[in-house]
Amino acid sequence: MARHEIVDIIHSKMNVEISRILKREGYISDYAVERQGQGVILRLYLKYVGDREAVIRGLKRVSKPGLRRYIKAAKITKTRQGLGTVVLSTPAGILTGGEARRQKVGGEVLFEVW
């Protein structure tokens, strides 16, 4: 919402996989793993359209440390009438809702983005 072009986050395998999905789905323009001092960071390049309008309009964390949310493959529905994407952590890895439905695997619902 602050209209930054670059956002640095903590590097982890899960964050890299989530970034890969966000790039493939068109929510970010690119990402890169970079060394910074003693550690490694994950740099996200945010995507804007038109007059600096963010492609990511909203993000809702579903599963939280105090209350984990799990869903079966048959119960995965479209987010925001198909205009959003739900991201799950499954035994097959980090997948979008559509991929999880096609592979018939359920898992923990991490977040929704639209």
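On a 1 Å grid over the protein atoms alone, a pocket is an open set of points with protein on both sides within 12 Å along at least five of seven lines, and its lining residues have an atom within 4 Å of a point. The model described here is predicted, so local features need pLDDT of at least 70 and side-chain atom pairs count only at pLDDT 80 or more, while totals for chains, interfaces and linings use all residues. Residues are numbered from 1 along each chain as its sequence is written, and side-chain values use heavy atoms, with hydrogens and water left out.

**Pockets**

The second largest pocket holds about 210 Å³ of space, a volume being the space filled by probe spheres set on the grid points, which are joined across faces, edges and corners. Its lining has 16 residues, and those nearest the centre are Gly84, Thr85, Gly97, Gly98 and Arg101. Strand S8 and helix H2 (97-103) each give two or more residues to this lining, and H2 has the largest share, with five. Helices (H or I, at least four residues) and strands (E, at least two) are DSSP runs, numbered from the N terminus. By class, the lining of the second largest pocket has three nonpolar, eight polar and five charged residues. Here Ala, Val, Leu, Ile, Met, Phe, Trp, Tyr, Cys and Pro count as nonpolar, Asp, Glu, Lys and Arg as charged, and the others, Gly among them, as polar.

The largest pocket has a volume of about 620 Å³. It is lined by 27 residues, with Leu22, Leu44, Leu46, Ile56 and Leu59 closest to its centre. S1, H1, S3, S6 and S10 are the elements that give two or more residues to this lining; H1 gives the most, five. The lining of the largest pocket divides into 18 nonpolar, four polar and five charged residues.

**Helix H1**

Helix H1 covers residues 13-24, and its twelve residues should span 16 Å at 1.5 Å a residue; the end C-alpha atoms are 17 Å apart, which agrees. The expected span is 1.5 Å times one less than the number of residues. Val16, Ile18, Ser19, Ile21 and Leu22 are the buried residues of H1, where buried means under 20% relative accessible area, exposed over 50%, and partly exposed in between (1.4 Å probe, protein chains only). What covers these buried residues includes strands S2 (28-36), S3 (39-46), S8 (85-90), S9 (93-96) and S10 (107-113). After H1 comes glycine 26, whose phi is positive, near 90°.

**Salt bridges**

The whole structure has eight salt bridges, each a side-chain nitrogen of Lys or Arg within 4 Å of a carboxyl oxygen of Asp or Glu.

| Pair | N to O distance |
|---|---|
| Arginine 52 and glutamate 5 | 3.6 Å |
| Aspartate 30 and lysine 23 | 3.1 Å |
| Glutamate 108 and arginine 68 | 3.2 Å |

Glutamate 108 lies in strand S10 and arginine 68 in the loop between strand S6 (59-61) and strand S7 (70-71), so this pair links distant parts of the chain, 40 residues apart. Glutamate 108 is buried, with a relative accessible area of 13%, whereas arginine 68 is partly exposed at 42%. Other salt bridges share partners and join Asp8, Glu34 and Arg43 into one network.

Arginine 52 is partly exposed, at 32%, and glutamate 5 is exposed, at 53%.

Methods: Contact means heavy atoms within 4.5 Å. On a 1 Å grid over the protein atoms alone, a cavity is a set of points where a 1.4 Å probe fits but cannot get out, and a pocket is an open set with protein on both sides within 12 Å along at least five of seven lines; lining residues have an atom within 4 Å of a point.
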